[in-house]
Amino acid sequence: MTVAVIGAGMAGAAAANTLTMAGIQVEIFDKGRAPGGRMSSKRSGQSYLDLGAQYFTARSAAFVQQVEQWLAAGVVRRWPADCYQYQSGRLSESVDDTWRYIGCPAMQAPVKALLDKKPVHLDCRISRLRYLQESSLTEAAGWYLFDQHNTSFGPYQALITTLPPVQLQTLLATGSHPGEPAYGDIYGLISQLQPQVLLPCWAVNMQLAAPLQTRADAVFVKDGNISWLARQNSKPGRANSSDNWLVHFSPQCSALHLQAEPVQLTALAKAEMELIFQQTISVSSALTHRWLYAQINPAVTQVKVDYNQGMKLAVAGDWLLGGRVENAWLSGVTAAKEVLADV
Ligand SMILES: Cc1cc2nc3c(=O)[nH]c(=O)nc-3n(C[C@H](O)[C@H](O)[C@H](O)COP(=O)(O)OP(=O)(O)OC[C@H]3O[C@@H](n4cnc5c(N)ncnc54)[C@H](O)[C@@H]3O)c2cc1C
């Protein structure tokens, strides 16, 4: 049996690893040039800048155990950040006992560790699916995947998807046609997906000409245009010759400025930082990244998407469990176990 996993983020990597450990063959597909998905860092000189997930936490016993393994392997380190919060125009220390972890040397390191020695097709955007319920004289039953060049992969005896719901809806719609046996099941699944469950986020990293005068490593911004600020070089293993600050815009502001130019966003991010820290800053260079599907929309409830036994189709992704890296991992493990229970 070979299982196809679409998406090489944390959910896909956790699913692929769980299946491999149970002796099942897997093939993983991702449209990106590297694994990691929303856990992604960009190289900057000798170090990395985290543009997506900033850190992760571990609450469930299973994930705590996984994080301990990553710590022992050196692909994860603890970030003892001095956290502040900014609310109603006031910056104040925000002390908590949360243990925050980051991937090392880059955020995607634990994802890469899970995918070690597994066949991953990168730069491979799955654009079309085909599910063949019964074998014919010329074709075996199962899932067939087609990439952006219409190259075909498969058949696979089971499929795990980890795409955000909007992209999953589009992809599933290519997978069946009226009159085909799986049509009803696939459209039933499409109708359960909540496209609004993930909201956008603009990320701006600013390299400062002179270090900012503050004890804060990170600021949770409770109101206004931005939601988060972090000194990237305060993270272990991210030492940089310059002071780098990463700004995440709030979902509302990101949605409003979805088509904005990098220069406009950088100007806004600089103004927000000056307001919060009450200092003039000079930006020597900036990097922007737009995440269309970033973090959970608290106003939307996504129902559980059941495993489809007939088609051996499992859906995973952080958004099924309320977002966050830990939930991405849990959803991937759960999807793999659903497939394993069915072989
Ligand atoms: C700005 C931002 C800040 C965040 N901050 C935090 C934080 O501080 N703490 C925390 O715990 N979490 C945070 N998160 C959330 C965290 O990054 C996610 O919960 C987690 O990485 C999701 O993993 P996933 O595998 O479910 O999805 P993804 O990482 O999105 O993986 C899905 C993968 O599918 C691939 N894909 C999509 N379509 C196709 C296709 N057609 N064909 C092939 N491949 C495809 C994508 O390239 C991607 O690699 C943040 C996210 C963002 C964007």
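This is a predicted model: local features need pLDDT of at least 70, side-chain atom pairs count only at pLDDT 80 or more; totals for chains, interfaces and linings use all residues.
Which residue in E7 is the bridge partner of Gln87? The bridge partner is Arg90.

**The hairpin and its sheet**

Strand E6 covers residues 83-87. E6 and E7 run antiparallel and are joined by four bridges. Two residues sit between the strands in this hairpin, and Ser88 takes a positive phi near 50° there.

E6 and E7 also belong to an open sheet of seven strands. The order is E7-E6-E15-E16-E17-E14-E18, and the pairing is mixed. Strands of a sheet pair through backbone hydrogen bonds, either parallel or antiparallel. Two edge strands, E7 (90-93) and E18 (283-296), each pair on one side only. On average, neighbouring strands of this sheet are turned by 20° against each other, direction ignored.

At the other end of that order, E14 and E18 pair in the antiparallel sense. Ten bridges hold this pairing. One of the residues involved is Asn205, whose bridge partner in E18 is Leu287.

Val204 lies in E14, which spans residues 198-208. Is Val204 buried or exposed? Val204 is buried, because 25 other C-beta atoms lie within 10 Å and the cut-off for a buried residue is 20 or more. Leaving aside residues up to four places away in sequence, Val204 touches Val247, Leu265, Thr266, Ala269, Ala286 and Thr288. Thr214 is ten residues from Val204 along the chain, and their C-alpha atoms are separated by 19 Å.

**Two domains**

The chain is divided into domain 1 (2-36 + 113-194 + 301-340) and domain 2 (42-106 + 197-296). Their centres, taken over C-alpha atoms, are 31 Å apart. The contact takes 14 residues from domain 1 and 16 residues from domain 2. On the domain 1 side, helix H4 (165-173) and helix H8 (325-340) each supply at least two residues. H8 gives the most to that side, with four residues. By class, the domain 1 side has eight nonpolar, four polar and two charged residues.

**Helix H1**

H1 has twelve residues, 10-21. At 1.5 Å a residue, H1 should span 16 Å, and its end C-alpha atoms are 16 Å apart, which agrees. Ten of the twelve residues are buried, so H1 is largely enclosed by the rest of the structure. The buried residues include Met10, Gly12, Asn17, Thr18 and Leu19. They pack against strands E1 (2-6), E2 (25-29) and E13 (158-161), and against helices H3 (109-114) and H8. Just after H1, Gly23 takes a positive phi of about 85°.

**Backbone exceptions**

Most residues other than glycine have a negative phi, and most peptide bonds are trans. The table lists some exceptions.

| Site | Backbone feature | Location |
|---|---|---|
| Cys104 to Pro105 | cis, omega near 10° | Pro105: loop between E8 (101-103) and H3 |
| Gly154 to Pro155 | cis, omega near 10° | Pro155: strand E12 (152-156) |

How exposed are Gln278 and Arg324? Gln278 counts as exposed, with 9 C-beta neighbours inside 10 Å. Arg324 counts as partly exposed, with 18 C-beta neighbours inside 10 Å.

Notes:
Residues are numbered from 1 along each chain as its sequence is written. Domain bounds come from an automatic or database domain assignment. Two residues are in contact if their C-beta atoms, placed from the backbone, lie within 7 Å. Ala, Val, Leu, Ile, Met, Phe, Trp, Tyr, Cys and Pro count as nonpolar, Asp, Glu, Lys and Arg as charged, and the others, Gly among them, as polar. The expected span of a helix is 1.5 Å times one less than its number of residues. Two strands pair if DSSP finds at least two bridges between them. Axes are lines fitted to C-alpha atoms, for helices over the stretch in contact, and angles run from 0 to 180 degrees between N-to-C directions.
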